[in-house]
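Please walk me through this structure, with attention to how its parts are put together.

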Amino acid sequence: MEPTPKKRIFIGLLVLTCLILSLFLFLLWYVPLLGLKNIHPSLPYLYSVALAMFVFFMFAGGLLLIFTILRGKDILFTQRLRGLVAKVLFPFMILMGKMVGVSKEKVQQSFIELNNHLVRSNHHRTKPNRLLLLLPHCIQDFDCQIKITGNIKNCKGCGKCEIKELIELADQYQVKIAVATGGTLARRIIVENRPEAIVAVACELDLTSGIQDTYPIPVIGILNDRPYGPCINTKADIQKVKKAILDFLEPRGI
Ligand code: SF4
């Protein structure tokens, strides 16, 4: 499978991270070696073995990740790789991106795409009532007076915004649906609903922090469109949302 430009950004930054970490580890190995010898003659050996193992696992993890991206299929440990990417690699990627002039937004997009890819590769399936469709409040029409944050079903279905279609989609597949005004409410909704999987629509920042916070729950993230700028009358691609729902519901192999 040919990697998309967003995935290529991630692979490039991953290779750069591995190279810089290797240099750093070489210094970390070389500098204290002499001092350790004075404490005990076998300490430099033990220290070298520990660092060599770390380098081995770092490169093995990096290669496994790259092959999973290139093959587009679960090879080994996709679930663990997702955790590694979300918790460890992503902060490094932001740093590396800064060094080579790739914007934070682009790295976040790349991270979201890679996360989706790993979730899909893992073929995680769930029952409809354990799947949560989580939406940002900014999808609601700015002038709509109805309060939908506590209960999205308060929507009158006038069709001025996509909340109507998204509720219909959730009803069609019998999945849970909720709207969050920010990270705190999103976390509360997740604790209350205890979903096994989440389809989330949001901007780059909210999706990346959401994916990181909710790990190990698999999340497929869909970026919202912002034709009027951030946080107002944003849009969701209904077909992408539908596909993400089906990715969690359809039996394997379809
Ligand atoms: S579809 Fe629902 S949420 Fe959107 S403007 Fe109409 S009533 Fe408000």
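Predicted model: local features only at pLDDT ≥ 70, side-chain atom pairs only at ≥ 80, totals over all residues.

Two residues are taken to be in contact if their C-beta atoms, placed from the backbone, lie within 7 Å. The helices themselves, α7 spanning residues 183-193 and α8 spanning residues 204-214, pack at an angle of about 40° with their axes 11 Å apart, and their crossing is right-handed.

From the helices we can turn to the sheet. It is an open sheet of 4 strands, arranged in the order β2-β1-β3-β4 with parallel pairing; its edge strands, each of which pairs on one side only, are β2 (176-180) and β4 (219-223), and from one strand to the next the twist averages 20°. Within the sheet, β1 (residues 131-136) is joined to β2 in the parallel sense over 5 bridges, and Leu134 stands opposite Ala178 in β2. Helix α7 packs on this sheet as well, where it touches β1 and β2, and its direction makes about 155° with that of β2.

The remaining topic is the ligand. It is surrounded by 14 residues, of which the closest are Asp141, Cys144, Cys155, Cys158 and Cys161, and the shell as a whole comprises 7 nonpolar, 3 polar and 4 charged residues.

Key. Residues numbered from 1 in each chain as written. Near = placed C-beta within 6 Å. Nonpolar A, V, L, I, M, F, W, Y, C, P; charged D, E, K, R; others polar. Pairing = 2+ DSSP bridges. Helix = DSSP H or I, 4+ residues; strand = E, 2+ residues; numbered from the N terminus. Axes fitted to C-alpha atoms, helices over the stretch in contact; angles between N-to-C directions. Left-handed = near helix turned anticlockwise from the far one by under 90°.
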